[in-house]
Amino acid sequence: MSDDPRVLIAGGGPVGLLCAWLLGRQGIPVRLFDNNDGLQADPRAATTHPATLDLLAEAGLSDDMARVGLVAPIFQFWDRPSNRLVAQFDHALLANDTKHPFVVQCEQFKTSGLLLTRLQRLANVEIWFSHEVVDVRQMSERVSIDVRGTDGIVTHSGRYLIGADGGRSVVRKRCNIGFDGFTWPERFIVLTTPFDFQAERGYCYRSYFAEPGAWCNCFKVSGDGPPGLWRTVYPTEPSQDDASLTSDVGAQARIQRFFPDARSYEIVHRNLYITHQRVASTFRKGRVLLAGDAAHVNNPIGGMGLNGGIQDAVNLSGKLIELMLTAGPDKLLDLYDLQRRTVAIEFVQEQSIANKKRLEESDPAVRHKNLDELSRIAADPARARQFLLRTAMIASQRRAEAMTLD
Ligand SMILES: Cc1cc2nc3c(=O)[nH]c(=O)nc-3n(C[C@H](O)[C@H](O)[C@H](O)COP(=O)(O)OP(=O)(O)OC[C@H]3O[C@@H](n4cnc5c(N)ncnc54)[C@H](O)[C@@H]3O)c2cc1C
């Protein structure tokens, strides 16, 4: 056993910070490196599902997220060409399945901020901003990493390394772990506006719009406080260049085509994303563990990427705590790989791809059948509950927890 009991973490996004907090509050020494000079105002994830809120309830994190975010008990599917409400789902149907029968819309930088505040109270956790992990080496008793900071490259070692360094993970690459899957040809654009879609058009805080060959996610976040902001996400044409996509004219035309209005929309943010569907070939290689986007990436329809990453962090940290504090067996880390990698493939990849295909279906007969089926599911409480168990990521959590190595 290494005499250095420290856990090293590459990446100070929400997943790395959560691992640091969960390990640190049990007294385990942690050193986390992030290449940014502090938390970034990263607007990507907001939707936090019931299964994830249940995991974060301890020490009041879910309550804090609800306080700085928005509580959204229902979500809707709309047929965009006819502006018809196809289906509405209410998480109240999950009252016996979760302590949080609702979604919390909390921008990911707020979640990271809540974690950082908690981490600052832990003397055994060090957060090294402006430090980039550039290489990884494994020995039988420890793992060491080269980290580039203001004083050049310095080597740090620990008992385990968590690679939570995002989709382009250096940890994953330096450990030669594959990242199979594909990249969508279109990019996704997010246009954020203070236009009140609920008051003006009757849309709820999470609304999905189907259109032949296209789609839109429209959801509300609290932003800097009331009245909040609405984020609308669309696919782009692969041939369109960045300048035309993000220009005032391009952005206005896109939002107007989906939601025509005589007034001009105020657009306060516009962000373009390349989107992939990929899962690492293993989440464990020796003393190196992958979590969050370093381990799996998917399109954001259904809001599952960070939720999956948080579920990785809770699962992995629990196993590391058992291993390090009560001399639990090393194979716990193989179980982490089995549980989390299986649900990343079977649930998150499958569901997020299916969500996208359902919204953008262009064959009129298939489209009609899909939307009708959604209406029928929403109208039948037993079927709606089953549907919600998947979308709320409770089914995947249950599946992971039931898996054993034997
Ligand atoms: C438009 C959009 C909307 C989304 N909405 C949702 C949603 O509603 N719900 C949801 O669950 N998910 C959503 N997601 C996905 C979500 O944003 C990601 O899954 C989430 O950011 C993953 O968190 P992470 O901590 O694993 O990685 P990241 O947030 O990418 O953090 C990684 C950190 O590591 C740092 N880093 C990278 N390389 C190094 C290195 N070599 N050394 C040190 N530090 C390094 C990075 O700077 C960064 O700070 C959305 C994504 C997009 C694009």
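How much volume does the second largest cavity have? About 40 Å³, and point 4 comes back to that space. Here are some notes for a first look.

1. Ground rules. This is a predicted model, in which local features need pLDDT of at least 70 and side-chain atom pairs count only at pLDDT 80 or more, while totals for chains, interfaces and linings use all residues. Residues are numbered from 1 along each chain as its sequence is written, and side-chain values use heavy atoms, with hydrogens and water left out.

2. The ligand. There are 31 residues around the ligand, and D34, N35, Q108, D293 and L306 come nearest (a residue is near a molecule if one of its heavy atoms lies within 4 Å of it). Look at the backbone here: a backbone N or O atom of L306 sits 2.8 Å from an oxygen atom of the ligand, one of V15 is 3.1 Å from a ligand oxygen, and a polar backbone atom of G303 is 3.3 Å from one. On its own the ligand exposes 1,000 Å², and the protein buries 89% of that (accessible areas come from the Shrake-Rupley method with a 1.4 Å probe). The elements that give two or more residues to this shell are α1 (14–24), β9 (132–138) and α9 (305–325), with α9 making the largest contribution, three residues. Helices (H or I, at least four residues) and strands (E, at least two) are DSSP runs, numbered from the N terminus. By type, the shell splits into 13 nonpolar, 13 polar and five charged residues; Ala, Val, Leu, Ile, Met, Phe, Trp, Tyr, Cys and Pro count as nonpolar, Asp, Glu, Lys and Arg as charged, and the others, Gly among them, as polar.

3. The largest cavity. The structure holds three cavities of 30 Å³ or more, and the largest has about 100 Å³ of space. A cavity here is a set of points, on a 1 Å grid over the protein atoms alone, where a 1.4 Å probe fits but cannot get out, and lining residues have an atom within 4 Å of a point. Grid points are joined across faces, edges and corners, and a volume is the space filled by probe spheres set on the points. Of the 14 residues that line the largest cavity, F77, Y208, G302, N355 and T391 are the closest to its centre. β5 (74–79), β15 (206–211), α10 (332–360) and α12 (381–391) each supply at least two lining residues, and α10 gives the most, four. The lining is made up of seven nonpolar, five polar and two charged residues.

4. Back to the second largest cavity. A45, A46, T47, T48, C106, T111, L306, N307 and I310 line this one. Two elements give two or more residues to its lining, β3 (47–48) and α9, and the largest share, three residues, comes from α9. The lining holds five nonpolar residues, four polar and no charged. Notice L306 in particular: this residue is in the cavity lining and is also among those that come nearest the ligand.

5. D312 belongs to helix α9 and counts as buried because its relative accessibility is 0% (buried means under 20% relative accessible area, exposed over 50%, partly exposed in between, with a 1.4 Å probe and protein chains only). Its side chain makes a polar contact with the side chain of R340, at 2.7 Å. A polar contact is a pair of N or O atoms within 3.5 Å; within protein, one must be able to donate a hydrogen and the other to accept it, and residues adjacent in sequence count only if both atoms are side-chain atoms.

6. Most residues other than glycine have a negative phi, and most peptide bonds are trans. A327, in the loop between α9 and α10, has a positive phi near 50°; at 67% relative accessibility, A327 is exposed. M393 also has a positive phi, near 65°, in the loop between α12 and α13 (394–402), but M393 is buried, with a relative accessible area of 1%.

Notes
1 Å grid on protein atoms, 1.4 Å probe; cavity = no way out; pocket = protein on both sides within 12 Å on 5 of 7 lines; lining within 4 Å.
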